Amino acid sequence: MTTTSKPNPYPLHHSLAEKYRLDTQHFAFKHHLGGHNIVPHLSPAATSQILDIGTGSGIWVFEVAEQFPHAKVTGIDLSLPTFDGAMPAVENAGFIAADVNDGIGFPEGNVDLVHSRLVQAGISKDQWPEYFKEVFRVLKPETGWVQVTEPVTNPLDLATEDLPSASAFHEVISCLEL
Ligand SMILES: C[S@@+](CC[C@H](N)C(=O)[O-])C[C@H]1O[C@@H](n2cnc3c(N)ncnc32)[C@H](O)[C@@H]1O
């Protein structure tokens, strides 16, 4: 386990209340994905290593570890998850305390899926290219996946040439008169 004496870049404190908030939010995301935690199709038999960056309460790790019994599923976060009792005994689930701004301490080309959800508060704007370099470094070449979920803090950032001008998103933006 790695610990750091640098200031914590994440503004919310880990506590039981925060765990419950994150667990509830997790179920909302999962519902939005039709009851799934993972979007790409991964074969449980051929999947050996999954990482959850900024794991928070660790709920995603436990659920995915049960779904992928042959894989080691590791949650990385600035601190280890808070539990309201003993840590659930899921043999292939594990946690590491580390700041991913210092890199992802895993060997190259070994990971089937990196899941990264809502870590933006702890990754500075300048750090994102380095962050994704690290994510792609640890992924298995050709077959590795990254699944990222982050909010768009300024909706106008999306109302650009990235989306077709006839998209529903542009319609919403024009109604809002932003
Ligand atoms: C909003 S929570 C999201 C938790 C989880 N991904 C989820 O969706 O339920 C953000 C988490 O990312 C972690 N985090 C933020 N910056 C980080 C960093 N630089 N390195 C490791 N973890 C980080 C925080 O400690 C926090 O637990």
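Which of the 20 residues around the ligand come nearest? I looked that up and got Gly54, Gly56, Arg117, Leu118 and Gly122. "Near" here means that a residue's C-beta atom, placed from the backbone, lies within 6 Å of the molecule or strand.

Ground rules I jotted down: this is a predicted model, so local features need pLDDT of at least 70, side-chain atom pairs count only at pLDDT 80 or more, and totals for chains, interfaces and linings use all residues. Residues are numbered from 1 along each chain as its sequence is written.

Next I checked the shell around the ligand. Helices (H or I, at least four residues) and strands (E, at least two) are DSSP runs, numbered from the N terminus.

Then I looked at α1 itself. Its 17 residues should span 24 Å at 1.5 Å a residue, and the end C-alpha atoms are 24 Å apart, so that agrees. The expected span is 1.5 Å times one less than the number of residues. Just after α1, Gly34 takes a positive phi of about 65°.

Last stop was the largest nonpolar core, with 21 residues. Such a core is a set of buried Ala, Val, Leu, Ile, Met, Phe, Trp, Tyr and Cys residues joined through C-beta atoms within 7 Å; buried means 20 or more other C-beta atoms within 10 Å of a residue's own, with C-beta atoms placed from the backbone. Ile50, Val64, Val73 and Val114 have the most contacts inside this core, and α2 (59-67) gives the most to it, five residues.

How values were computed
A residue is buried if 20 or more other C-beta atoms lie within 10 Å of its own, exposed if 12 or fewer, and partly exposed in between; C-beta atoms are placed from the backbone.
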